[in-house]
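Biologist: I am new to this structure and would like to learn how to read its features. Could we begin with the charged side chains and then turn to the strands?

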Amino acid sequence: MIKFYSPQIGEEEIKAVIECLRSGHVSQGKYVEQFQKDFSKFIGTKFSLAVSSGTAALHLALLALGIKNGDEVLVPSYTFIAPANAALYVGATPKFVDIEKGTFCLNPSLLENSITNRTKAIIAVHLYGLSCDMDRIMSFAKKHDLYVIEDCAQALGSEYKGKKAGNFSDVSCFSFYENKFITTGEGGMCCTNNENIAKRI
């Protein structure tokens, strides 16, 4: 069996978890605050907000951007179900856009024929450590006044033109599920440079 990913947990991690458990602060407090601060420093965003999962991060991002019933959200046709589900959670319709052959990421060339007057956002999923073509996606979004969310669940540490994935959109979302680059067992993070969006999240 070829595993997708196996967490590498050593004595340092075990000691830190025990220390956290003994403190009684397992979902808030100084450990979470330090994690958010360190995460922002690594990614390069002003704000990082820890949440319960990567799916919750996508859900909160859409809520914070005001995506609602009747809106459409463009999502890639090939990825985990979370981006489409998050759109459904807020009453929006996920609209599937095909991927690029070489990267498995959303194909920017197909966006123009995918939008309608109900389209309000794009969820660009960086897959298998490969980055979407963020220049083209952001240019398209700016032209059509659309929000962009980066799903970086499989791209923690990946770079696009010298900048970490998660730096290009209105909100970026990360997952810390057991098969991700960093695991907290479960968990996720929303990152943004927009203070108002951060407050809403």
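Modeller: Let us start with a term: a salt bridge is a side-chain nitrogen of Lys or Arg within 4 Å of a carboxyl oxygen of Asp or Glu. Please keep in mind that this is a predicted model, in which local features need pLDDT of at least 70 and side-chain atom pairs count only at pLDDT 80 or more, while totals for chains, interfaces and linings use all residues. Residues are numbered from 1 along each chain as its sequence is written, and side-chain values use heavy atoms, with hydrogens and water left out.

Biologist: How many salt bridges does a search of the whole structure find?

Modeller: The general idea is that side chains of opposite charge can pair when their charged atoms come close. Here the search of the whole structure finds six salt bridges. One of them joins Glu112 to Lys143, whose closest N and O atoms are 3.5 Å apart.

Biologist: Where do Glu112 and Lys143 lie?

Modeller: Helices (H or I, at least four residues) and strands (E, at least two) are DSSP runs, numbered from the N terminus. Glu112 lies in the loop between β3 (93-97) and β4 (119-125), whereas Lys143 belongs to helix α5 (residues 134-144), so the pair ties together parts that are 31 residues apart in sequence.

Biologist: Is Lys143 buried or exposed?

Modeller: Buried means under 20% relative accessible area, exposed over 50%, and partly exposed in between, with a 1.4 Å probe and protein chains only. Lys143, at 61% relative accessibility, counts as exposed, and Glu112, at 36%, counts as partly exposed. In another salt bridge, Lys68 meets Asp71 at 3.9 Å, N to O; Lys68 is partly exposed at 48%, while Asp71 is buried at 6%.

Biologist: By how many residues are Lys199 and Glu195 separated in helix α6?

Modeller: They are four residues apart in helix α6 (residues 195-200), and therefore separated by about one helical turn. Lys199 and Glu195 form a salt bridge, with the closest N and O atoms 3.7 Å apart.

Biologist: In what order do the seven strands form the open sheet?

Modeller: Two strands pair if DSSP finds at least two bridges between them. In this structure the order is β1-β9-β8-β5-β4-β2-β3, and the pairing is mixed. The edge strands, β1 (47-51) and β3, each pair on one side only. Strand β2 (residues 72-76) runs parallel to β3 and is joined to β3 by five bridges, and the bridge partner of Val75 in β3 is Phe96.
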